[in-house]
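Open the model in your viewer and keep the selection tool at hand. This tour goes from one stop to the next and says what to select at each.

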Amino acid sequence: MVTGIDFLKSQNTQQHHTDGYNIKNLVVRRGQPFLVQVSLNRELRPADKLSLRFGIGENPMKNRGSLLSLKPEREDFNGWKISVVKKDGKECLLSVTSSPNAPVGKYNLHVKTATNIYKPENGAIYLLFNPWCEDDVVYMADEAEKKEYVLNDTGYIYVGSAYSIYDRPWNFGQFEEFILDACMYLLDKSKLSLNDRRHPANVSRAMSALVNANDDNGVVLGNWSGNYINGTSPMDWIGSVTILQKYYKTKKPVRYGQCWVFAGVLNTVMRCLGVPSRCVSTFDAAHDTEENLRVDIYLNEKGEKLNSLSFDSVWNFHVWNDVWMKRTDLPNGFDGWQAIDSTPQEQSQGRFQCGPCPVKAVREGDVYLPYDSKFVYAEVNADRVYWVVKKVNGKDKYFKVGTETQEIGKNISTKAVGQNRRVDITREYKYPEGTKEERMSMQRAYSFLRPSGLMPRSGYASTIQTMGGNIQPLILKEPVTKTGLQLEINNTEALHPGNPLEMAITVKISAPGNWTVDLTGSCQLQYYTGKVQANLGTIKETINLEGPSEMQIPMKIAPDAYMKTLSSVEDEVLILVTAIAEVKETNDKLTKETSMRFQYPPITVQMPEIAKLYNDFTCAFIFKNKLNVILENCKLLVEGLGILKMTTFELGDIMPGRIAKSEVICTPTRLGDKKIVAKLISNQIKGISTEKAITITE
């Protein structure tokens, strides 16, 4: 009879790179041996029968493959094997190797001897994907990459706009208490068959559906309305831990998320299950509902963007995830990174899920491959067409004032391996604009997409018949104007809330001659989804240029024009400047838009660089309000994995020039390099974040 079992947790978890999980049970990776020490009431004899039984699910049965009965030295069972390492009196050391394509999940271990069955305490073993095992389809050769994409529990999500990208620190926290259990709950909830649980493609697709709450009571409820009264504003999260812990406790969707929250949580879930994963941000991402690879932007005669006409939109940024795997379900050549997206945008096979879509398929234009490659392709490759809506005899008429073919899907970004910096991975998603490969890839994609002809397709314009059939994209480069007309938009002073916004539109002409240019410019506040929140001001000027030359036209917006809107919205808003130029003599038209973010004073963190395990240290956060406005209802959110649980300081109002200081006592509970992340939010400012690193030693 068995009298006890030792799961040799510290030895096994070090070998399996699972020593980080904050859980009593043994966590191991598939396809790799782990040791179990079995204590018996007497020495083991040759005639004795001993078997380890691993059961998964509610009612494990051998014929369904959900119950594995393993006997030492016997041929393997479903790719699992077990052997006796050594016998020492009443002690017996066994080595168990699971199959490298075993279903992932929670197995219960019982030991059977003759007619006795021994059920150990904490006998549930968690089996995960194994990027360290060459026979696992998630195998990743590079050690530094595994450290980043599987084991790093902190990172950044890149947001802002293509003109001003910034990093938002995010705590993934895949090793924190209850996170692994939350992931196991999601696996059970996904109703994936045991066979489907073997394949990371199926698991990642299911998780992309479950991280949003849209059709399955999943983790996060999306909300882009600007009203977050009965929940947490999407801007107020600094990591996935609080969200997944709350979800696991209540089993109800957590309110509220926007794309970076969905991506942050999905990244935690995939890393937690052992699939290498990274957050990917695309700037100027197309959200196009009709797969016609075109996003129509409508402007009024003042050059202001109109919300109401467009079904499709360009988001300043959009964040999804890439997961690493071999695609055994596809033809050769599509292994490696696969895009998955849990932001609920549109349904795929009846659920709000997206991916896995091979990143190589997006680059090569193979948009027929599963899953959702047409959708991902359009997000990074659409054209943006500008239309001005004018009233002619009482009816709306549309005039095309510009086409941009190289502006969508820019600066695709993720965190660098082993370094705290942004790395541009656009080349993994697309060939350089204008190359032969890019043209081939585009024609390949178009042959599967069949986009319609170039007609405006707002709700009002849908009565116009478009030309059907396969129209090849003829405009492969920016349309060259006769005068070489170009527009540039930038800010001439720092964009601090409470100060005037000082910007400039530069008009350039390269052709010699006298030219008259009508310039229309507008400034608006918009959400990152492209939705306009407020019109701040417009300019209309006619300028004369003696080509080749350029002229800078200033545009200034007083604080009164925008501060009220800024204080009343719950989201971070961007400054959108749109310019339309028309050359009278040649009828050349050009439209350009740029989004910029406000600039904020920093938070300073003061703490030691090194601290000892379980020895308290003080951490201070200092913020000086260098702006000309009162910051109302300030809150400081602070979290440090393995150092400090999520803490909120209510700071009240901070007057211009005043300094706010908060202190907290931290107790490190884990060794190694750790980080503290802090974020300040107020009515006027939504996201000043910072972080500071510390090394915890013994």
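Keep in mind that the model is predicted.

**Stop 1: the domains**

Colour the chain by its domains: domain 1 (2-128), domain 2 (153-447), domain 3 (485-597) and domain 4 (603-696). Now show domain 2 and domain 3, whose C-alpha centres lie 29 Å apart. Their contact involves 34 residues of domain 2 and 33 residues of domain 3. Between them, domain 2 and domain 3 bury about 2800 Å², and 49% of this is on carbon and sulfur atoms. Which residues of domain 2 lose the most area to domain 3? Select Tyr163, Lys305 and Asn316: together they account for 23% of what the domain 2 side buries.

**Stop 2: helices H3 and H5**

Two packed helices are described by the angle between their axes and the distance between the axes. Select residues 179-189, helix H3, and residues 241-250, helix H5. The two helices pack at an angle of about 55°, and their axes are 9 Å apart. Because of that angle, H3 is oblique to H5. The crossing of H3 and H5 is left-handed. To see the contact, show the side chains of Ile179, Asp181, Ala182, Tyr185, Leu186 and Lys189 on H3, then those of Val241, Leu244, Gln245, Tyr247 and Tyr248 on H5. Of the residues in this contact of H3 with H5, eight are nonpolar, one is polar and two are charged.

**Stop 3: helices H4 and H6**

Next select helix H4 (residues 200-210) and helix H6 (residues 259-273), which pack at an angle of about 150° with their axes 10 Å apart. That angle is why H4 counts as roughly antiparallel to H6. H4 passes H6 in a right-handed crossing. Here Val203, Ser204, Met207 and Ser208 of H4 meet Leu266, Val269, Met270 and Leu273 of H6. The contact of H4 with H6 has six nonpolar residues, two polar and no charged ones.

**Stop 4: residues in loops**

Go to Gly355 and Pro356, which are joined by a cis peptide bond with omega about 0°. Pro356 is in the loop between strand E18 (336-340) and strand E19 (357-358).

Move on to Pro370 and Tyr371, where the peptide bond is cis with omega near 0°. Tyr371 sits in the loop between helix H7 (359-364) and helix H8 (373-381).

Finish at Asn122, in the loop between strand E9 (116-118) and strand E10 (124-128). Asn122 is not a glycine, yet its phi is positive, near 50°.

Key. Residues numbered from 1 in each chain as written. Predicted model: local features only at pLDDT ≥ 70, side-chain atom pairs only at ≥ 80, totals over all residues. Heavy atoms only, no water. Axes fitted to C-alpha atoms, helices over the stretch in contact; angles between N-to-C directions. Helix = DSSP H or I, 4+ residues; strand = E, 2+ residues; numbered from the N terminus. Parallel < 35°, antiparallel > 145°, perpendicular 65-115°, else oblique. Left-handed = near helix turned anticlockwise from the far one by under 90°. Contact = heavy atoms within 4.5 Å. Nonpolar A, V, L, I, M, F, W, Y, C, P; charged D, E, K, R; others polar. Domains from an automatic or database assignment. Buried area = accessible area lost by both parts, 1.4 Å probe.
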